[in-house]
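Reader: I have not seen this structure before. Please take me through it by question and answer.

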Amino acid sequence: MELMTPLFAILCPAIAAALILPSRNHPNIREAWTIAGSVAMFLLVLSMAPLIVKGETIEFTLFQSMFKNIYIGFKVDAFGEIFAITASSLWILVSIYSIGYMRTLKEHAQTRYYFAFCFAIMGAVGVALSANLVTMFIFFEIITVSTYPLVIHEQTPEALRAGHKYLAYLMPAGAFLLFGIMITYYLAGTTDFTPGGIKALATASPMIITVLFFAFLLGFMKAAWMPFHSWLPTAMIAPSPVSALLHAVAVVKAGVFGIVRIVGYVIGMDLMQELGLWLILAGIAGFTMIVASFFAISQDNLKRRLAYSTISQLSYIILGAALLNKESIQGAMLHIPFHGYMKITLFLCAGAILVATGKTKISEMAGIGRRMPVTMLAFSVAAIGMAGIPPVCGFISKLYLCMGAWAVGSPYGMIFLAVILISSLLDIVYFFPIILTAFFKKPADEIGAIGEIKIKEAPLLVVIPLTITAIFSLVFFIYPNMFYIFDLAKMAVSQLFGGV
Amino acid sequence: MTPVRKTYKRNVIIEVTTNLMFPLILLFGLYVMIGTGGTGGGFQGGTILASAYILYITVFGHEKGREKMPESVNALFKSLGLFLYNGAGWICVLFSLATAQWLNMPAFWPVTDFVGVAGARSFLVGYMVSVGIGLTVMAAFVSQYFDLAWKEDDEMEGGEE
Amino acid sequence: MMEWITVHVLEKYNFWIAILIIIIGLTATIVKENLVKKLIGLSIFQTAFFLWVVSLGDVGRNILTTWGLKTQTPPILWTEAAEKGYIYANPLPHVLMLTGIVVSAATTAVALAIVIRIYQKYGTIEEDEIIQKEMEFERAGVI
Amino acid sequence: MIVPIDLLLLLFLLIVGIAALWVKDLLAAIVLTGAYSFIMANVWLQLGATDVAFTEAAVGAGASTALMMACLSRVPRWEKK
Amino acid sequence: MDLVEQFPVLIVGLSMFLAYTMLLTGYLNRRLPFFMSLAMNSFFLILSLFILNHVLTVGPIRYWQGGWRPPWGIEYVIDAMNAYLLVIVISMVILGLIYSRGNVRHEIEERKHVTFYTLVQLMAAGLYGITVTGDLFNMFIWLEIASLTAYALIAVAGGRALRPAYNYVIMGSIGACLYIFGVCWLYSVTGTLNFADMRLLLPLVYDNKAVQMAFAMIVVGVMIKAYIFPLHLWQPDVYTYAPSTISSMMASVHVKVMFYILIRMFYSVFTLEFIRHYIGLDLLICWVAAIAILAGSIWAIKQRNLKRMLAYSSVSQMGYILLGVGLSPLSPWGLVGAAAHILNHAIGKGCLFMCAGAISQQEGLKDIRDFGGLGKKMPHVCAAFTIAALSMIGIPLTAGFTSKLFLIYASLDAAQYPFVAVLLLSGLLNLVYFWRVIDQMYFVKHKETENAIEVKEKGKSLPLSMVAPILILASLCIIMGIVWLTDIPLPLINHILSNLRMGVTL
């Protein structure tokens with residue numbers, strides 16, 4: 001089905017960015033553009049969902065390129081739509097949150113911040129909606145470049161070093177990705193995403209497919225799989241909304257999204273199975289899940305702990321894709337939005353604590369739950385969800401993942417089931433101390449400070465978004481089909497496995 | 001070595017000889033340029049013309065040389081030569097509109113015939129080209145010589161900057 | 001062996017000497033420190049190279065055995081000469097070399113102008129000294 | 001062409017060319033370059049290239065030498081090494 | 001005969017004509033030459049667009065000078081490659097002229113302005129001449145006109161530019177001599193100087209050592225002028241100290257035209273069979289290019305002076321084009337990459353050099369380490385610099401990305417996998433040295449020293465004539481980045497491939 005909607009959806013943030021620049025001297029107008037752009041984009045993306053649930057695929061070809069069979073264009077299928085909905089819906093909340101956050105902290109260079117933010121989101125949604133690898137690569141690099149100013153927003157030497165590390169990981173990743181894309185095109189003559197894999201690749205030699213697979217794996221370093229993860233905790237030096245949206249949703253999910261695309265739509269499940277590549281991928285994912293959790297336990301900085309948690313959780317999705325059966329892939333697809341909502345809540349809470357108290361370390365947060373009940377309640381909800389305990393949406397996706405691991409059947413399947421369960425346990429281990437510290441531990445300096453330090457909730461614009469995301473995390477458990485997400489995931493899986 | 005700026009020393013024999021030779025060299029240059037009965041020779045002729053001026057400048061000094069060949073005249077010659085050369089080409093284009101071709105000499109023949117210099121025919125264009133080249137070359141060499149040998153008054157020996 | 005020498009060396013002595021001078025000139029251009037000397041080297045190199053090319057236009061020279069004058073005219077072909085079957089030198093290399101000479105003269109002029117400017121600036125035309133001065137100026141912050 | 005003369009001229013050419021690069025006096029070097037050009041013109045005459053010879057005599061031996069001389073009036077006369 | 005077939009000779013002839021008219025009018029009014037040059041070059045641009053259209057729709061233009069038929073007379077041949085290059089050259093000359101309006105006033109004494117513009121116009125005439133000609137020797141003449149004026153234009157700046165200019169004279173002359181040496185050898189074998197004629201005659205004597213040697217000489221001679229890596233030693237100093245206008249023109253246009261000669265030699269005079277079977281030079285050239293790409297980038301990382309860094313970057317980028325040329329016997333995409341990069345590098349590097357000139361003019365800064373906080377002081381120039389730098393790095397949606405894409409695909413298509421790695425690595429090296437500058441401009445907190453304030457008070461804001469070309473080029477970087485991705489240039493590319501008789505079309 002030919003529709004211009006994807007193009008308009010992509011253009012929304014670009015137009016918003018173009019409008020932000022001239023109105024840099026009027027903060028209210030500037031931020032109004034951001035919110036208008038985010039709402040418009042979300043509505044456009046959501047408007048496509050009913051069609052896709054019915055099994056349609058929305059295509060829009062921007063232009064044919066000089067390469068035969070490569071066109072720059074958009075193709076919205078169920079899987080892409082899930083990611084697009086996640087990213088665009090969260091952008092609205094984070095825009096509101098940003099206003100409160102940035103104004104309270106009186107940050108500098110806010111225009112640059114909003115400008116770059118728009119482009120980063122454009123990149124993320126573009127990755128979600130793109131029809132082939134080349135288009136995807138273009139948006140991928142847009143994400144990389146546009147997030148750099150956000151990462152080094154502080155402009156301290158430390159932030160600059162973090163930014164350089166960020167580029168030093170992601171730019172070579174882009175090179176590997178480009179390499180993989182060109183190899184794919186060279187072998188197959190096309191780079192379109194085809195459910196079940198590109199047919200022409202099946203005839204190529206296993207060696208080259210393995211090389212291709214590793215090129216793509218390195219190319220999607222944005223997924224922060226170990227041992228190429230260390231840019232993510234370093235990048236946490238960015239302002240909290242950036243960490244929240246970009247390093248919990250847009251950037252890293254784009255990487256994971258890419259891996260799922262590769263597994264399901266480029267190399268294909270059959271080939272992955274045949275060459276045993278799924279085991280490599282699942283092994284990497286399982287390793288990352290466990291090790292990142294251990295890393296997270298030892299972190300005192302809240303945002304760094306969340307970052308390691310992100311690394312661990314992202315690998316759930318990779319593992320789901322690697323296990324190559326319906327349940328696991330559905331679990332992976334569901335984990336993208338669900339983890340997004342939960343993790344963004346956590347990051348927004350961390351930001352809210354920073355805004356209200358200026359504290360970043362967990363050990364300093366004793367008793368904070370009593371002063372900021374709403375924030376910490378939201379935090380608790382999300383943390384419970386992370387661990388996969390009902391009644392939060394994390395349970396659903398993890399359930400599907402466990403079912404997937406069970407369905408693999410062989411000893412490998414049991415091992416990965418164990419890995420998932422152990423990792424969930426570790427989630428509890430590193431999140432519950434925070435909640436306990438916040439609610440039940442008495443602050444050490446309470447006696448002297450109680451009169452002077454009036455710690456209250458963060459400003460309303462900060463608290464409302466995180467409350468909404470926490471509520472949504474709960475609602476997704478009761479009604480997983482909100483924003484059509486469950487139907488979309490089912491549709492994506494049925495497309496992948498040949499319309500069952 | 002310590003170059004000292006000496007005042008200009010006159011030498012009558014050289015001056016007179018130069019004055020005598022100057023027009024002769026010019027004449028010879030012109031002969032080379034257009035006197036050989038065909039095209040070509042513009043460059044050599046121009047160089048010989050220039051050598052006459054260079055001799056003059058060397059003998060009489062720059063100030064008198066500039067009187068003989070002021071800078072603006074020099075530029076005029078430089079341009080004029082090129083105008084002649086290039087213009088010959090354009091005239092041919094104009095006169096051969098049907099098969100307009102740059103420097104297409106046969107195109108010019110009907111005109112020369114009409115004017116009554118049928119014998120000259122393509123030589124007319126050939127001369128134009130030759131003379132054009134010659135003038136430009138002469139002016140260029142003379143100006144180069146001026147530029148290279150002209151010592152500015154404020155120029156310091158030893159080149160302190 | 002003798003035949004080889006005759007064919008490749010003696011009959012082509014023009015070319016050999018031209019190559020020799022080309023090598024000398026090129027070496028001087030690169031090795032000499034003095035800028036004017038460099039230029040002289042360049043000029044010798046170019047001229048020798050023109051000699052090489054002009055020798056190409058000299059048709060039918062099998063001279064070593066037949067010492068003496070040869071029926072060869074300047075490259076102007078008139079009907080009479082053609083009827084009599086004169087050999088005339090190929091004019092095209094000559095034309096090319098005419099242009100080449102012009103270009104070399106122009107190069108010389110430009111290079112000389114630069115040499116003078118360099119002398120005004122650095123007070124020397126030896127390349128190593130110029131480089132030294134440049135570094136001195138840089139340290140003093142003049143440039 | 002007359003071969004002995006040709007050979008002789010070429011020999012001169014070689015000698016003068018080397019000498020022009022050899023001497024430390026730039027004035028001498030320039031004059032030798034002029035001589036070199038002039039001998040070259042003669043060689044070309046021998047080769048039947050009258051027009052080239054003529055040009056070389058005018059440009060190489062004449063104008064170029066004059067320009068170099070003019071230049072030499074403003075830079076040191078002796079090569080340092 | 002169509003009127004449009006007169007246009008090539010019109011462009012070249014009028015350029016020469018114009019140059020000397022400018023010299024004369026300079027005596028009447030000093031400002032007039034600039035406007036004359038600008039107006040006429042704009043006129044040429046229109047003509048060149050007509051030529052391009054004609055070439056793409058009707059076919060190559062063949063123009064016989066003086067009505068002499070090709071083996072004897074000089075022929076102007078304009079096929080798709082020429083027409084494409086001609087448009088690039090003329091538009092870059094126009095932009096350079098506009099930029100020079102503000103820049104020259106700053107860098108060159110007033111009394112030299114008339115001469116300066118005359119020389120620029122002459123250089124342009126030489127470049128146009130190289131582009132349109134179809135004759136080996138005529139090409140040499142235009143080459144020398146372009147080079148001689150370039151020598152003079154570099155030396156115009158005085159100061160540190162002089163020694164580099166002198167070196168360039170020497171190296172350039174040697175290069176030109178090698179070129180003409182090769183041409184004469186070819187002539188001695190075939191007896192013709194015309195491209196097309198020679199292409200017909202040469203295959204019979206491909207075995208001849210003289211032909212192979214001539215090919216090597218021509219290639220090395222042109223490579224000196226196009227500063228391919230081991231022969232680039234004259235170039236960094238020249239680009240660093242020449243006036244910014246000239247650096248920009250040299251980097252964007254002059255060297256591209258030199259590459260055009262190389263491409264002509266490879267595919268219009270010689271053939272693919274010769275390169276592939278008789279000398280097997282294709283891979284050697286590729287390796288030279290690969291070394292150039294890496295070495296140029298690595299040297300660029302070491303530089304502190306912005307213009308010198310850009311100069312080394314040019315060395316590296318020339319390697320891209322050479323790699324494309326070297327790969328094209330094996331894959332048509334190599335030539336596509338080379339053709340695309342000729343344009344992309346012209347706009348990108350032109351813009352960067354113009355930015356460097358603008359920065360040194362307004363703020364007096366040359367060292368990258370002093371650029372802190374420049375993004376606030378000169379927002380437009382810095383934004384343009386960033387875009388052009390991203391293009392050089394090869395970020396998608398900028399022009400540089402597409403050429404990299406084509407070249408990578410060419411290496412894969414030719415089954416030369418090492419070059420894929422080289423190209424990808426080079427992109428990362430470019431990132432290192434360009435990102436340093438961008439970081440300094442925007443993200444490094446600078447100390448607001450008194451010195452800086454003083455400079456800011458003293459420095460006037462840039463005239464529009466300098467900012468406009470910079471912004472135009474920066475936006476072109478993005479526009480071309482998108483245009484090359486589409487199939488709009490496909491007819492042009494197919495014409496180029498078929499005119500150079502690559503035997504394939506895309």
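Reader: How many Å apart are the nearest C-alpha atoms of chain A and chain D?

Author: The model is a predicted one. In it, chain A and chain D do not touch. Contact here asks for heavy atoms within 4.5 Å. The nearest C-alpha atoms of chain A and chain D are apart by 52 Å.

Reader: How far apart are the closest C-alpha atoms of chain A and chain B?

Author: Chain A and chain B are also without a joining contact. The distance between their closest C-alpha atoms is 39 Å.

Reader: Which chains have the most contacts between them?

Author: Six pairs of chains touch. In one of these pairs, 43 residues of chain D are in contact with 53 residues of chain C. Among the six pairs, the most contacts are between chains C and D.

Reader: What share of the area buried between chain D and chain C do carbon and sulfur atoms give?

Author: Chain D and chain C bury about 4100 Å² between them. The part of this area given by carbon and sulfur atoms is 74%.

Reader: In what order do the elements of chain D run from the N terminus on?

Author: The C-alpha atoms of chain D fill a box of roughly 40 × 25 × 10 Å along the principal axes. Its secondary structure consists of three helices and zero strands. From the N terminus on, the order is α-α-α.

Reader: How many salt bridges are counted between chain E and chain A?

Author: Between these chains, 34 residues of chain E are in contact with 30 residues of chain A. They bury about 3000 Å², with 81% of it on carbon and sulfur atoms. The salt bridge count between chain E and chain A is zero.

Reader: Are H2(A) and H3(A) roughly parallel or antiparallel?

Author: Helix H2 of chain A covers residues 27-53, and helix H3 of chain A covers residues 78-105. Their axes come within 9 Å and cross at roughly 160°. That angle makes the two helices, H2(A) and H3(A), roughly antiparallel.

Reader: What is the handedness of the crossing of H2(A) and H3(A), left-handed or right-handed?

Author: The residues in the contact of these two helices divide into 17 nonpolar, seven polar and three charged. The crossing in which H2(A) passes H3(A) is left-handed.

Reader: How many residues apart in sequence are the parts that Glu31(A) and Arg103(A) tie together?

Author: Side chains of opposite charge can pair when their charged atoms come close. Glu31(A) and Arg103(A) meet in a salt bridge, at 2.3 Å from N to O. Glu31(A) lies in helix H2 of chain A and Arg103(A) in helix H3 of chain A, so the parts that the pair ties together are apart in sequence by 72 residues.

Reader: How many salt bridges does a search of the whole structure find?

Author: The search runs over all chains. The number of salt bridges found is 19.

Reader: Are H4(A) and H9(A) roughly parallel or antiparallel?

Author: The axes of helix H4 (residues 110-129) and helix H9 (residues 240-267), both of chain A, come within 10 Å. They cross at roughly 25°, and the crossing is left-handed. That angle makes H4(A) and H9(A) roughly parallel.

Conventions
Residues numbered from 1 in each chain as written. Chains lettered and ligands numbered in written order. Predicted model: local features only at pLDDT ≥ 70, side-chain atom pairs only at ≥ 80, totals over all residues. Heavy atoms only, no water. Axes fitted to C-alpha atoms, helices over the stretch in contact; angles between N-to-C directions. Helix = DSSP H or I, 4+ residues; strand = E, 2+ residues; numbered from the N terminus. Parallel < 35°, antiparallel > 145°, perpendicular 65-115°, else oblique. Left-handed = near helix turned anticlockwise from the far one by under 90°. Buried area = accessible area lost by both parts, 1.4 Å probe. Salt bridge = Lys/Arg side-chain N within 4 Å of Asp/Glu carboxyl O. Nonpolar A, V, L, I, M, F, W, Y, C, P; charged D, E, K, R; others polar.
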